[in-house]
Amino acid sequence: MRAIEPDSAARRIGLPLAFALGTLLLWEAVVRAFGIREVLLPTPSAIGLRLVETFPLLMQHAWPTVWESVAGFTIASVLGVALAALLSASGLMRQMLYPNVVLFQLIPKIALAPLFIVWLGIGFQSRLTFSVFISFFPVVIAALAGLDNVDKSLLRLCRALTASSWQVFASVRLPHALPYVFSGMKIATTFAIIGVIVGEFITSQAGLGYLILFASSQADTSLILAAIVVLCAFGLLFYGAVAWLERWTQKAFGE
Amino acid sequence: MNAMTDTPRDWLQPTSVAVDRDASYVSVQATRKTYATRNGDVHAVERADFDIDEGDFVSLVGPSGCGKSTLMSMIGGLETPTSGRITVGGTPIAAPRRDFGYVFQDATLLPWKTVFDNVLFPIRTQKRPVADYLGEAERLLKLTDLWAFRDKRPAELSGGMRQRVAICRGLINDPRLLMMDEPFSALDAITRDDMNLMLAQLWDQVHKTAIFITHSIREAVYLSDRVLVMNARPSRIVADIRVPFARPRRAEMQEDPLFNEICGFVRDTIHEGHGSRQDPTA
């Protein structure tokens with residue numbers, strides 16, 4: 001029997017997939033063997049069945065969660081890069097704001113979610129704002145690192161070529177910062193979803209967070225887990241879309 | 001002086017300056033650069049006084065820390081002299097100028113741009129019409145054997161190729177003065193030899209006024225029309241040599257006894273400065 005190459009695609013994709021599948025099978029077998037009640041832990045097959053049964057309901061509740069997270073993420077990314085650009089361009093702004101940004105970053109932001117409800121009410125505004133608030137920090141921190149980390153000799157070259165500060169930003173700092181910005185944005189996708197779900201937990205009449213809470217009150221554990229499967233699928237797509245955008249930008253900038 | 005010879009050194013010039021200083025192409029007048037540090041003032045350049053004629057390839061050669069890079073930065077407008085005056089074409093230098101070209105020790109290419117776009121970077125930055133310079137970019141890339149690599153990224157090139165791109169970029173705006181700050185010092189010895197031959201050949205085509213910083217004596221003598229020898233502590237120009245070899249320069253020039261005599265003289269001059277200071281690293 002010949003071993004599969006350690007770096008082959010079959011092994012890189014097949015191995016984690018096989019492990020996940022094995023875990024699901026084990027889960028199924030254990031639940032069945034010990035006769036664990038469905039309300040405590042449903043089998044993967046029961047979750048799958050519930051997912052198919054309630055698919056229209058799940059999609060209906062997925063929509064507000066999806067658009068609020070995508071919107072929150074987009075606003076956070078734009079604001080994050082803009083603030084990083086400001087901090088990188090102005091020494092005064094950096095001295096004044098950066099320590100405060102770092103301090104804010106350390107606050108367990110989830111604890112502030114109820115405040116946003118108090119301020120912005122129970123509509124989508126509070127969830128969206130909270131989602132922006134929570135996913136904004138990784139973008140700022142990463143973008144600023146990228147804008148700052150430019151090779152000193154490149155800056156010297158720009159000075160020799162009499163480049164304006166805007167030219168230095170647009171043609172050297174920003175392209176150099178792009179990989180950093182994207183790594184921040186990838187983290188922000190997850191944070192944006194967390195922000196919306198937490199908002200939905202607190203107060204909402206729709207959304208996957210609401211559905212999870214509702215199903216929990218009905219002791220419908222299969223539906224909770226079916227909603228989580230949908231959330232995972234969305235998170236994966238979201239992350240993938242950002243990763244694809246990164247590849248596309250790199251090609252456009254030709255790196 | 002150890003290596004005394006009987007032949008007259010007619011290539012050694014008195015370190016004199018023009019009568020009408022500002023009429024010189026490049027004029028460095030009583031220039032001093034002092035940095036204030038915790039341990040008192042450091043004289044990066046004690047006093048520099050020399051003129052450069054149009055079309056001359058001039059090397060500044062000296063040990064590390066002799067202030068040659070600082071001197072070039074001041075001529076290029078990247079640093080301001082503590083005292084003294086520098087003029088190029090009669091105009092005092094206060095800041096970098098659009099009609100200068102610069103090549104640094106690192107190639108400093110933009111990694112996300114192609115070779116061709118890197119060469120055109122000064123044109124875009126200085127908002128010149130790019131279409132007017134496409135032909136010049138092609139000519140320079142062909143002269144440096146880089147035309148086939150015009151669509152490659154810097155990461156795909158060798159160190160010597162990257163430095164050649166940087167030289168093309170320094171020349172793209174047809175500068176009236178090209179400044180090269182140790183452009184080959186990060187390269188291995190064999191690549192460096194090739195680069196010297198390449199630069200000498202390139203010079204036969206572009207005929208530019210150039211200031212070239214190096215700590216390699218042979219490189220300086222091989223490439224230059226004129227070599228200014230600097231010493232450290234005090235940082236001053238101690239010899240001014242007019243290299244008596246015609247262009248085009250050939251590799252065989254380096255076997256010539258006169259070439260070796262000049263190199264020996266430069267070496268002795270530098271070491272003399274070191275020795276009198278009891279420098280343990282000399």
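Reader: What makes Ala219(A) exposed?

Author: This is a predicted model, and the term rests on a count of neighbours. Ala219(A) has 11 other C-beta atoms within 10 Å. A residue is exposed if that count is 12 or fewer, so Ala219(A) is exposed. Ala219(A) lies in the loop between helix H9 (208-217) and helix H10 (221-253) of chain A.

Reader: What is the phi of Ala219(A)?

Author: Phi of Ala219(A) is near 55°, a positive value in a residue other than glycine. Most residues other than glycine have a negative phi.

Reader: Why does Asp174(B) count as exposed?

Author: Asp174(B) has 11 C-beta neighbours inside 10 Å. The cut-off for exposed is 12 or fewer, therefore Asp174(B) counts as exposed. Asp174(B) is placed in the loop between helix H5 (159-171) and E8 of chain B. Its phi is positive too, near 50°.

Reader: Which residues of helix H7 of chain A are buried?

Author: In H7(A), residues 152-160, the buried ones are Leu154(A), Leu157(A), Cys158(A) and Ala160(A). To be called buried, a residue needs 20 or more other C-beta atoms within 10 Å.

Reader: Why are the buried residues of H7(A) said to line one face of the helix?

Author: Seen down the axis of H7(A), they fall within an arc of 160°, so they line one face. Their cover includes helix H8 (165-202) of chain A and strand E7 (100-103) of chain B. After H7(A) comes Thr162(A), with a positive phi near 55°.

Reader: How many residues of chain B are in contact with chain A?

Author: 17 residues of chain B are in contact with 16 residues of chain A. Contact requires C-beta atoms within 7 Å. On the chain B side, the residues divide into 8 nonpolar, 5 polar and 4 charged. For the complex, the predictor gives an ipTM of 0.85 and a pTM of 0.82.

Reader: Where does domain 1 of chain B touch domain 2?

Author: Chain B is divided into domain 1 (1-99 + 177-187 + 203-282) and domain 2 (104-175). 14 residues of domain 1 of chain B are in contact with 13 residues of domain 2 of chain B. On the domain 1 side, strand E8 (177-181) and helix H6 (189-206) of chain B each supply at least two residues. E8(B) gives the most, with 3 residues.

Reader: What makes E10(B) and E11(B) a pair of strands?

Author: Strand E10 (residues 226-231) of chain B and E11(B) share 6 bridges in the antiparallel sense. At least two bridges are needed for strands to pair, so these two pair. Val229(B) has Ala239(B) in E11(B) as its bridge partner. In their hairpin, with 4 residues between the strands, Arg233(B) takes a positive phi near 45°.

Reader: How many bridges join E1(B) and E11(B)?

Author: Strand E1 (residues 12-13) and strand E11 (residues 236-242) of chain B pair over 2 bridges, in the antiparallel sense. The requirement is at least two, so E1(B) and E11(B) pair. Gln13(B) has Asp240(B) as its bridge partner in E11(B).

Reader: How is the peptide bond between Arg247(B) and Pro248(B) known to be cis?

Author: Omega of the cis bond joining Arg247(B) and Pro248(B) is about 0°. Pro248(B) lies in the loop between E11 and helix H8 (257-276) of chain B. Most peptide bonds are trans.

Terms used: Residues are numbered from 1 along each chain as its sequence is written. Chains are lettered from A and ligands numbered from 1 in the order in which they are written. This is a predicted model: local features need pLDDT of at least 70, side-chain atom pairs count only at pLDDT 80 or more; totals for chains, interfaces and linings use all residues. Two residues are in contact if their C-beta atoms, placed from the backbone, lie within 7 Å. Ala, Val, Leu, Ile, Met, Phe, Trp, Tyr, Cys and Pro count as nonpolar, Asp, Glu, Lys and Arg as charged, and the others, Gly among them, as polar. The arc is that of the directions from the helix axis to the C-beta atoms. Domain bounds come from an automatic or database domain assignment.
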